[in-house]
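Please look through the structure shown here with its sequence.

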Amino acid sequence: MVQSTKHLYIVKDENILNGEPIIRGTRTPVRAIVETWRMGIPPEEIVNGLPHLTLAQIFDALSYYSDYQDKINTYIEQNRIPDNLIDPLVRDL
């Protein structure tokens, strides 16, 4: 069942990523947008890497993150690949 949030483009669906906040109509989690933004990619360029999203959806995901930083940071940490599993050839890229 899809659960709306106070953010127009952000929903939760227990059948997708165990209810993690995603962009409505996609399986793209808010954390993916936040992690890309944290790497220094501006929102206007994030849409180039995620062309199925609009700039409005990107900004709404960042707004959601602003409201729920602790929760999104928890999702980011839970999905982090442990350093020992990352090939040394790509670890520092």
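Y65 is buried, at 8% relative accessibility, where buried means under 20% relative accessible area, exposed over 50% and partly exposed in between, computed with a 1.4 Å probe on protein chains only. This is a predicted model, in which local features need pLDDT of at least 70 and side-chain atom pairs pLDDT 80 or more, while totals for chains, interfaces and linings use all residues. Residues are numbered from 1 along each chain as its sequence is written, and side-chain values use heavy atoms, without hydrogens and water.

The whole structure holds two aromatic pairs. Rings of Phe, Tyr and Trp (its six-membered ring) pair if their centres lie within 6.5 Å; planes under 30 degrees apart count as stacked, over 60 as edge-to-face and the rest as tilted. W37 and Y65 are edge-to-face, because their ring centres are 6.4 Å apart and their planes stand at 70 degrees. W37 belongs to helix α1 and Y65 to helix α3, so this pair ties together parts 28 residues apart in sequence. W37 is partly exposed, at 37% relative accessible area.

In the tilted pair of Y64 and Y68, the centres are 4.6 Å apart and the planes 35 degrees. Y64 is buried at 4%, whereas Y68 is partly exposed at 31%.

The axes of α1 (residues 30-38) and α3 (residues 55-67) come within 9 Å and cross at roughly 90 degrees. α1 is therefore roughly perpendicular to α3 (65 to 115 degrees; under 35 is roughly parallel, over 145 roughly antiparallel, the rest oblique).

Methods:
Axes fitted to C-alpha atoms, helices over the stretch in contact; angles between N-to-C directions. Helix = DSSP H or I, 4+ residues; strand = E, 2+ residues; numbered from the N terminus.
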